[in-house]
Structures are given as structure tokens and as C-alpha cells.
Amino acid sequence: MAHMMSDKPAGCCPASCMKYVLCLYNFVFLLSGCVVCGLGLWTILEKWVFVQLMASVTYEATTWLLVCTGCLSVLTALLGYTAIAYESRCLLAWYTILLVIIFMFESVIGLLSYVYQEQIDTDLQDSLRDTFINTYSLDMENTQAVDNIQTKYSCCGSSGFSDWTGSPWHLQHPGMAVPDSCCKTVSPGCGVRDHPSNIAYTGCIHRFSTELSQHLLLVGSISLCLALLQVVGVILTSCMFSRLHKLDKYRPVSKGRNASN
């Protein structure tokens, strides 16, 4: 009997313990996937006006990559539970591969977020006037996005309210000073007067830059933290894979000895 116990695979903890640890990690991983997916969906629902008015596709690509990574994380976590339940080395191998892929995606999201923060001001100064002012009233989606931003953040124009003078919209509405969404109290035709008591004088580029910077900082921080979580997952699954491999080698020997006894 003592001889049989010595043939069992050595290790710092038994396979059953590894299963519980991996289940706990997988639960945290599942929650992190939901967080990433929720962050991506919140960006689409709440920040889509920014996506519409950005000339660069970096912000939009980061947003969709967030949603895809979150969904992939949830599906991978479900695969992980299946692999643990059946003690399947094949499924564990696929689980590990997907963890590495998710680690790469989240690293890319984090790096894109941090790098793009440095380019926001330059990008907005170069392109925001074109998308904000020159397409107003010509592109309905952009028009609604501009109105939403000016109303929500109490700003007017790109750099200031004077941006509207000479714009395509102003040529179509010569009797108006600014769009009605610039007014402090929005009502039909309120944009006739450009007095500071009636409209906001501050341009939207400042609030635009602040909101984007804060959001990208949040996205980058969460993505890089969760990328580190995948490193822990790869280590745990590798240990579990090794334990199952040793157990598979031990079982035939154990059965043979039991039969001979």
C-alpha cells in the first residue's frame, strides 16, 4: 500500500484542489468579461456621439474591440467550466489558447487607449471643425450628434460660438446666429440672439477632449489590469493541465497493480 502511494504524482497540491482554485479564477474571469462587455456597450450607448464626430477610427475600433473581447471572455469562461468539469486536457488546451488571445486583445486595447490620449488634442483641432460645423444640417446623424453634445455639455461650436458664422448651416439660415441647441434654455428659434445670457460661448472641443481623455484612461486601466489577470489564468491552467497529464499516466499503472493483487 505504501508502495502504491509513492507512485502517485507529486505536487504542491492535489488535482481536486487545483480544480477549486481554477473554478474560483474562472468565476472572476467571467465577471471580468461581463465588465469589459458592459464597458463596451456603455461606450456605444453613451459615447457614440463622440464616435460619430471623430475623424480617426482609433476610438471606434477600440470600442468595438472592447465588446468583442468581453463576449469572447464570457464564452471562454464557459468553456473553462466545461473543461474543469470533464477534466479534459483538450478543452483545457483550447481554454489556455483563448486566454492568450484575450490577453493580446486587452493589451492592444490598453495600449491604444493610452497612446491615443496623447493625440486627442491634435486630432480634435485638425478635424473637429470639419465634422462638427461643416456637416451640420447636411448629415442628419452628425446634426443630431452635434445637437446632443451642445445641449448636454452647454457648449457651442467647435472652438466657440463664432464658428457658426459663415458655415453651410448659417448660409441656409441667415436669420439665425447659432443653432437652437446652443441656447441655455432650448426652444424653437432661440438661436436668433447670440448674447451671453442666451447662449453658451464656450466651444465644445474642450469638453470633448476632457470626456474622451477620461474615458480612454478608464478603458486603458481596466484593460491592462485584466490583461494581467489572464497571465494568472494561463499559469493556473498550465498547472491543471500538468496535473491531469500526470494522473493519466498514473491511472493505468494503478489499475494494473490492482488486477495483479
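## Terms for helix pairs

Two axes count as roughly parallel at angles under 35 degrees, roughly antiparallel over 145, roughly perpendicular from 65 to 115, and oblique for the rest. The axes are lines fitted to C-alpha atoms, for helices over the stretch in contact, and the angles run from 0 to 180 degrees between N-to-C directions.

This is a predicted model, in which local features need pLDDT of at least 70, side-chain atom pairs count only at pLDDT 80 or more, and totals for chains, interfaces and linings use all residues. Residues are numbered from 1 along each chain as its sequence is written, and side-chain values use heavy atoms, with hydrogens and water left out.

## The chain as a whole

The protein chain has nine helices and zero strands. Helices (H or I, at least four residues) and strands (E, at least two) are DSSP runs, numbered from the N terminus. Read from the N terminus, the order of elements is α-α-α-α-α-α-α-α-α.

The protein chain has 261 residues, of which 43% count as buried. Buried means under 20% relative accessible area, exposed means over 50%, and partly exposed lies in between (1.4 Å probe, protein chains only).

## Helices H4 and H5

Helix H4 covers residues 58-86 and helix H5 covers residues 89-117; their axes come within 9 Å and cross at roughly 160 degrees. H4 and H5 are therefore roughly antiparallel to each other. Their crossing is left-handed, a term used if the near helix is turned anticlockwise from the far one by less than a right angle, with right-handed used if clockwise. The contact of H4 with H5 has 19 nonpolar, eight polar and one charged residues. In these classes, Ala, Val, Leu, Ile, Met, Phe, Trp, Tyr, Cys and Pro are nonpolar, Asp, Glu, Lys and Arg are charged, and the others, Gly among them, are polar.

H4 has 29 residues and spans 41 Å from its first C-alpha to its last, close to the expected 42 Å at 1.5 Å a residue. The expected span is 1.5 Å times one less than the number of residues. After H4 comes Glu 87, with a positive phi near 50 degrees.

## Helix H6

H6 (residues 120-134) has 15 residues and reaches 20 Å from its first C-alpha to its last, close to the 21 Å expected at 1.5 Å a residue. At Ser 127, H6 bends by about 50 degrees; the bend is the angle between axes fitted to the seven residues ending there and the seven starting there. Ser 127 is also one of the buried residues of H6, which include Ile 120, Asp 123, Leu 124 and Leu 128.

## Loop residues

Most residues other than glycine have a negative phi. Ser 137, in the loop between H6 and helix H7 (140-153), has a positive phi near 75 degrees. Ser 137 is partly exposed, with a relative accessible area of 24%. Ser 154, in the loop between H7 and H8, has a positive phi of about 50 degrees. Ser 154 counts as exposed, at 52% relative accessibility.

Gly 191 is placed in the loop between helix H8 (168-172) and helix H9 (204-260). Its relative accessibility is 0%, so Gly 191 counts as buried. Gly 191 and Met 176 are 15 residues apart along the chain, and their C-alpha atoms are separated by 5.8 Å.

Val 21 is in helix H2 (residues 15-46) and is partly exposed, at 35% relative accessible area. Val 21 and Leu 236 are 215 residues apart along the chain, while their C-alpha atoms are separated by 8.1 Å.
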